[in-house]
Amino acid sequence: MAIPTTRTKKPAHVSIDLEKCNGCGECVNACSDFSFEIVDKKVTITDKSVFGCVGCGHCMMACPQGVIAVEGRTLAPVQLFDLPDKNIVPTYDSLLAMLQRRRSIRKFKDKPVEQEKVNQILEAAQTAPMGIPPSDVHVVVFENKKQVRAFAEDFSKYLTSIRWIASNWFMTLMRPFWGKANDEMMRSFIKPVFDVYVDDMEKGDNWINYDAPVAMYFYGSPYTDPADPIIAATYAMLAGEALGLGTCMLGAVHPFIQTGKKARLFREKWGIKHKSREGLFVIFGYADVHYKKGIRRTFADIHRVS
Ligand SMILES: Cc1cc2nc3c(=O)[nH]c(=O)nc-3n(C[C@H](O)[C@H](O)[C@H](O)COP(=O)(O)O)c2cc1C
């Protein structure tokens with residue numbers, strides 16, 4: 001067995017056309033799992049691989065002769081493509097400008113997002129790095145406002161059914177078990193979230209996903225590195241920005257739909273196949289709020305080791 005994901009539990013298979021290999025060693029350099037050695041000016045596959053081939057494809061992408069084929073773990077040589085021209089990648093300045101202009105957008109024009117842009121966002125998000133290939137990120141795509149709204153209304157109904165979690169008696173009962181920080185978080189964040197998501201939705205105000213024209217939910221599986229869906233969501237958000245859309249990440253749905261039978265039924269209803277440590281929504285649409293200035297934000301700490 002190789003490192004398991006929901007897509008595959010087998011290692012990939014590497015084959016080399018030795019007649020055409022010129023022993024340049026680029027694959028040895030590119031492989032981070034000690035899979036290759038140059039012996040007598042030809043590459044050989046070693047038995048030193050730590051994990052078995054995970055199918056990152058780096059050897060195949062680095063080989064100037066095109067003589068390496070990695071197959072399995074969702075990879076095949078047919079997926080190789082020519083690198084885009086270096087001259088069209090964003091410069092630091094243009095990338096920074098896009099990042100500085102980005103804001104979390106929660107008000108959208110009543111204008112659908114083109115199908116082509118949804119596809120472009122998904123294409124870009126799938127370039128994201130992952131802990132171990134192949135990506136075990138799953139995405140639920142809500143392609144129009146009606147679907148986005150229907151999800152929010154259903155989520156609000158679901159929250160109503162588990163609202164006792166944010167009741168005073170339950171929080172007081174649990175405080176000795178889950179500690180001060182969790183108690184503070186419950187009272188200052190979770191309880192108000194319930195209030196707004198349930199009570200305001202009943203009045204017609206959607207604070208859950210803001211009736212966005214498009215939403216995507218990125219989540220993992222029990223195998224997925226918890227960072228993977230978050231990184232994929234970030235790529236999607238940035239792709240949305242590059243396409244001229246307003247975007248906002250939404251973290252508040254995911255934790256509520258992980259535990260218990262009701263959560264499982266809710267997940268099943270919406271095509272969410274797994275529980276996962278981390279997950280994130282991103283909403284997209286044409287912004288109906290415009291900012292005249294950017295704002296300098298800072299990390300809590302940058303400690304430069306001397
Ligand atoms: C992980 C994460 C979760 C978030 N969850 C929500 C959310 O549930 N609802 C919401 O309105 N905004 C959410 N946001 C948006 C933040 O509130 C927003 O990024 C922050 O206020 C800073 O604003 P800016 O993105 O315009 O710089 C989230 C952002 C991140 C990164």
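Predicted model: local features only at pLDDT ≥ 70, side-chain atom pairs only at ≥ 80, totals over all residues.
Which helix is included in what covers the buried residues of α8?

Residues are numbered from 1 along each chain as its sequence is written, and side-chain values use heavy atoms, with hydrogens and water left out.

**View 1. Helix α8 (residues 261–269) and its buried residues.** Helices are DSSP runs of H or I with at least four residues, strands are runs of E with at least two, and both are numbered from the N terminus. Ala263, Phe266 and Arg267 are the buried residues of α8; buried means under 20% relative accessible area and exposed over 50%, with partly exposed in between (1.4 Å probe, protein chains only). These buried residues fall within an arc of 100° seen down the axis, so they line one face of the helix. The arc is that of the directions from the helix axis to the C-beta atoms. Their cover includes α5 (145–161), where contact means heavy atoms within 4.5 Å. Lys261 and Lys269, on the other side of α8, are exposed.

**View 2. The residues around the ligand.** There are 13 of them, and Arg103, Ser104, Arg106, Tyr210 and Gly251 come nearest; a residue counts as near if one of its heavy atoms lies within 4 Å. Strand β7 (residues 246–250) gives the most to this shell, with three residues. By type, the shell holds seven nonpolar, two polar and four charged residues.

**View 3. Polar atoms at the ligand, with Tyr210, Met249 and Arg297.** An oxygen atom of the ligand lies 2.4 Å from a polar side-chain atom of Tyr210. For Met249, a polar backbone atom is 3.0 Å from a nitrogen atom of the ligand. Arg297 has a polar side-chain atom 2.9 Å from an oxygen atom of the ligand. On its own the ligand has 610 Å² of accessible area, of which the protein covers 62% (Shrake-Rupley method, 1.4 Å probe).

**View 4. Helix α4 (residues 115–125) and what covers it.** The buried residues here are Lys117, Val118, Ile121 and Ala125. They lie on the same side of α4, because they cover an arc of only 105° around the axis. Glu116 and Glu123 are exposed on the other side. Among the elements covering the buried residues are β5 (138–142), β6 (214–219), α7 (227–242) and β8 (279–285).

Notes: Polar contact = N/O pair within 3.5 Å; in protein donor to acceptor, adjacent residues only side chain to side chain. Nonpolar A, V, L, I, M, F, W, Y, C, P; charged D, E, K, R; others polar.
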